Amino acid sequence: MAQPMEQPMQAQGAPMQGAVSDKDWMTTLLLSFFLGALGVDHFYTGKTMTGVLKLLTVGGCGIWALIDLIMIITQNFKDGNGLPIVNK
């Protein structure tokens with residue numbers, strides 16, 4: 001007798017396919033632009049530890065802040081749960 005096909009399981013802790021963050025894209029963009037060197041964008045999106053690191057290094061001397069800004073503009077930035085922050 002044939003056994004039923006099992007559905008592929010989502011890895012524990014991995015974001016669901018097609019799910020997006022509940023964080024607002026424009027708010028994240030503005031926080032990153034004006035306060036990105038202080039890590040405020042990371043605190044807002046739930047990335048507390050990287051927010052502290054970004055604050056202590058002043059946005060990685062501006063390089064980290066610039067990379068985050070580009071990631072947000074291109075909608076490749078993820079929140080603390082690994083969900084993409086997109087413009088709705």
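Two residues are said to be in contact when their heavy atoms lie within 4.5 Å. By this criterion, and not counting residues up to four places away in sequence, lysine 54 touches Gly36, Ala37, Gly39, Asp41, His42, Gly59, Gly60, Trp64, Ala65 and Asp68. The model in which these contacts occur is a predicted one.

## Overall arrangement

Of its 88 residues, 25% are buried. Among the contacts in the chain with a separation of 6 or more, 51% are accounted for by residues 24 or more positions apart. The chain exposes about 6,300 Å², and carbon and sulfur atoms supply 67% of that area.

Lysine 54 is found in helix H3. Its relative accessibility is 0%, and it therefore counts as buried, the cut-off for this class being under 20%. The C-alpha atom of lysine 54 is separated by 8.3 Å from that of histidine 42, which is 12 residues away along the chain.

Side chains of opposite charge can pair when their charged atoms come close. A search of the whole structure finds 2 salt bridges, which are set out below.

| Salt bridge | Distance, N to O |
|---|---|
| Lysine 54 and aspartate 41 | 3.0 Å |
| Lysine 54 and aspartate 68 | 2.7 Å |

What does each of these pairs tie together? Lysine 54 lies in helix H3 (residues 48-56) and aspartate 41 in helix H2, so this pair joins parts that are 13 residues apart in sequence. Aspartate 68 lies in helix H5, so its pairing with lysine 54 of helix H3 ties together parts that are 14 residues apart in sequence.

## Helix H1

Helix H1 spans residues 25-35, and its buried residues are Trp25, Thr28, Leu29, Leu31 and Ser32. Seen down the axis of H1, these residues fall within an arc of 165°, so they line one face of the helix. An α-helix has 3.6 residues a turn, so residues three or four places apart point the same way. The buried residues of H1 pack against helix H2 (40-44) and helix H5 (63-73).

Beyond its neighbours within four places in sequence, serine 32 is in contact with Asp41, Ala65, Asp68, Leu69 and Ile72.

On the face of H1 turned away from its buried side are the exposed residues Phe33 and Phe34. Phenylalanine 33 has a relative accessible area of 57% and is exposed. Phenylalanine 34 counts as exposed at 61% relative accessibility.

## Helix H5

Which residues of H5 are buried? They are Ala65, Asp68, Leu69 and Ile72. These residues cover an arc of only 100° around the axis, which puts them on the same side of H5. The buried residues of H5 pack against H1, H2, H3 and helix H4 (58-61). Just after H5, glutamine 75 takes a positive phi of about 60°.

## Aromatic rings and charges

The structure holds 1 aromatic pair. The rings of phenylalanine 33 and phenylalanine 34 have centres 4.9 Å apart and planes at 90°, so the pair is edge-to-face.

Charged lysine side chains also lie over aromatic rings. Lysine 23 is positioned over the face of tyrosine 44, at 5.2 Å from the ring centre. The charged end of lysine 47 sits over the ring of phenylalanine 77, 4.1 Å from its centre.

Terms used:
Residues are numbered from 1 along each chain as its sequence is written. This is a predicted model: local features need pLDDT of at least 70, side-chain atom pairs count only at pLDDT 80 or more; totals for chains, interfaces and linings use all residues. Side-chain values use heavy atoms; hydrogens and water are left out. Buried means under 20% relative accessible area, exposed over 50%, partly exposed in between (1.4 Å probe, protein chains only). Helices (H or I, at least four residues) and strands (E, at least two) are DSSP runs, numbered from the N terminus. The arc is that of the directions from the helix axis to the C-beta atoms. A salt bridge is a side-chain nitrogen of Lys or Arg within 4 Å of a carboxyl oxygen of Asp or Glu. Rings of Phe, Tyr and Trp (its six-membered ring) pair if their centres lie within 6.5 Å; planes under 30 degrees apart count as stacked, over 60 as edge-to-face and the rest as tilted. A charge sits over a ring if NZ of Lys or CZ of Arg is within 6 Å of the ring centre and within 35 degrees of the ring normal. Accessible areas come from the Shrake-Rupley method with a 1.4 Å probe; for residues, only the protein chains shown count as cover.
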